[in-house]
Amino acid sequence: MTFATPLLLLTLLTIPLLLLLVYVVNRRRARYPLAFTNLELLAQVAPERHRSVKRFIPLALLVLALACAAGALAQPRVRLSQPDQNATIMLLVDVSGSMRANDVEPTRLDAAVAAMRTFLDRLPSQFKVGLVAFSSEPEPLVAPTSNRDVIRQSIALLEPEAGTAVGDGIGVAVQMLKSSLHQAGYVRKPGKPVPAAIVLLSDGAQNRGILQPVQAARMAKQAGIRIYPVSLGTPQGKVTFGFGQFMNSVPVPPDPYTMSQIAAVSGGRSYTAQTAASVVQIYKTLGSSIGRTHRRVEITNWFALAAAGLLAAAVGAAALFESRV
């Protein structure tokens with residue numbers, strides 16, 4: 001929450017002044033004690049002192065009313081988000097051979113598949129989603145669609161393959177998103193991002209392809225498309241192949257630095273996941289936040305209505321409890 005005129009919050013200083021006034025008045029009333037010689041009369045009066053605590057309820061309501069009134073004077077604003085009706089998301093997933101590594105259980109690819117399923121569950125139903133897999137070269141699997149079943153079926157068929165062509169994968173994803181938005185009749189406003197994003201998951205450095213990752217990220221930036229890369233895996237990750245005496249292991253550490261560069265250039269945000277639970281949580285967060293527009297709404301009326309209601313309640317409580325407030 002922000003305030004258009006925060007200096008007017010200084011009117012909150014009237015609250016401690018009010019409390020000080022109440023304290024002084026009560027102190028002056030208490031300076032004239034009464035002596036009771038009749039114990040029966042004292043017993044009848046004592047409950048009244050206990051009930052007098054209720055007389056502070058109107059004061060509490062008045063304090064809250066003043067606080068709300070001060071907030072209304074400062075013109076409070078809140079930031080609201082709502083799903084963009086034209087939002088299109090491209091899932092771009094690495095299916096290179098290193099995705100066989102089991103440092104992220106059960107394997108990196110299995111964890112990625114589970115995360116993408118969670119992502120689909122969290123996305124608003126009106127969003128379109130596409131799928132591109134890449135290994136030594138990119139493979140467009142599903143053009144952006146609102147049919148979630150088609151995406152889920154394609155995700156279930158993903159298998160680890162060979163090399164890693166991150167840049168080429170981004171290039172294909174960008175072209176598919178631009179084509180989808182054009183078909184939907186979307187016209188981009190100059191200098192504004194489009195309602196489209198790429199969620200990229202990769203576990204290693206590029207070793208195949210023509211486009212370099214940062215070069216492809218610049219293409220996405222020019223098209224107004226943000227990229228949200230997720231670097232999956234641990235530095236100790238390795239892939240084992242062969243059998244018997246011919247067993248061999250190849251280290252396959254992730255490349256979070258390249259992922260962070262892609263995010264920085266395109267205007268997105270990068271993530272790092274070293275466990276299956278963390279990658280699922282990242283995709284869950286992205287599914288709840290990506291593809292939304294944000295706007296600030298003034299809520300002065302809410303504060304003013306709350307102040308009026310609390311003031312009316314304070315007056316009613318004062319009459320009910322015979323309070324001097």
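Hi everyone, thanks for coming. Before we start, please keep in mind that what you see is a predicted model.

Let me begin with the overall picture. The chain has 325 residues, and 40% of them count as buried. Its secondary structure comes to 10 helices and 11 strands. If we take the contacts with a separation of 6 or more, 81% of them join residues 24 or more positions apart.

Now, two helix pairs. Start with H3, residues 56-73, and H10, residues 300-320. Their axes come within 8 Å and cross at roughly 160 degrees. Are they roughly parallel or roughly antiparallel? An angle over 145 degrees counts as roughly antiparallel, and H3 and H10 are therefore roughly antiparallel to each other. The crossing itself is left-handed.

Who makes that contact? On the H3 side, the residues include Ile-57, Leu-61, Leu-64, Cys-68 and Ala-72. From H10, we have Phe-303, Leu-310, Leu-311 and Ala-314 among them. Sorted by class, the contact holds 19 nonpolar residues and two polar ones, with no charged residue.

The second pair is H7, residues 213-222, with H8, residues 256-266. Here the axes are 8 Å apart, and the packing angle is about 25 degrees. That makes H7 roughly parallel to H8. H7 passes H8 in a right-handed crossing. On one side sit Pro-213, Val-214, Ala-217, Arg-218 and Lys-221 of H7, and they meet Thr-258, Gln-261, Ile-262, Val-265 and Ser-266 of H8. By class, this contact has five nonpolar, three polar and two charged residues. So much for helix pairs.

Arg-108 is in helix H4, which spans residues 108-122. Is Arg-108 buried or exposed? Its relative accessibility is 0%, so Arg-108 counts as buried. What does its side chain reach? It comes to 2.8 Å from the backbone oxygen of Val-252. Leaving out residues up to four places away in sequence, Arg-108 touches a whole list of others, including Asp-103, Asp-203, Leu-232, Thr-234 and Pro-254. Val-252 is on that list too, as are Ser-98 and Met-99. If you have the structure open, do click on Arg-108 and have a look around.

With a relative accessible area of 42%, Gly-209 is partly exposed. Beyond residues up to four places away in sequence, Gly-209 touches Ser-136, Ala-165 and Asp-168. Gly-209 and Phe-134 are 75 residues apart in sequence, while their C-alpha atoms are 10.0 Å apart.

And the aspartate? Asp-168 belongs to helix H6, residues 166-183. Asp-168 has a relative accessible area of 15% and is buried; the cut-off for that is under 20%. In sequence, 41 residues separate Asp-168 and Gly-209, yet from C-alpha to C-alpha they are 5.9 Å apart. Setting aside neighbours within four places in sequence, Asp-168 is in contact with Pro-138, Gly-209, Ile-210 and Leu-211.

Technical notes. Residues numbered from 1 in each chain as written. Predicted model: local features only at pLDDT ≥ 70, side-chain atom pairs only at ≥ 80, totals over all residues. Heavy atoms only, no water. Axes fitted to C-alpha atoms, helices over the stretch in contact; angles between N-to-C directions. Helix = DSSP H or I, 4+ residues; strand = E, 2+ residues; numbered from the N terminus. Parallel < 35°, antiparallel > 145°, perpendicular 65-115°, else oblique. Left-handed = near helix turned anticlockwise from the far one by under 90°. Contact = heavy atoms within 4.5 Å. Nonpolar A, V, L, I, M, F, W, Y, C, P; charged D, E, K, R; others polar. Buried < 20%, exposed > 50% of the residue type's maximum accessible area, 1.4 Å probe, protein only. Polar contact = N/O pair within 3.5 Å; in protein donor to acceptor, adjacent residues only side chain to side chain.
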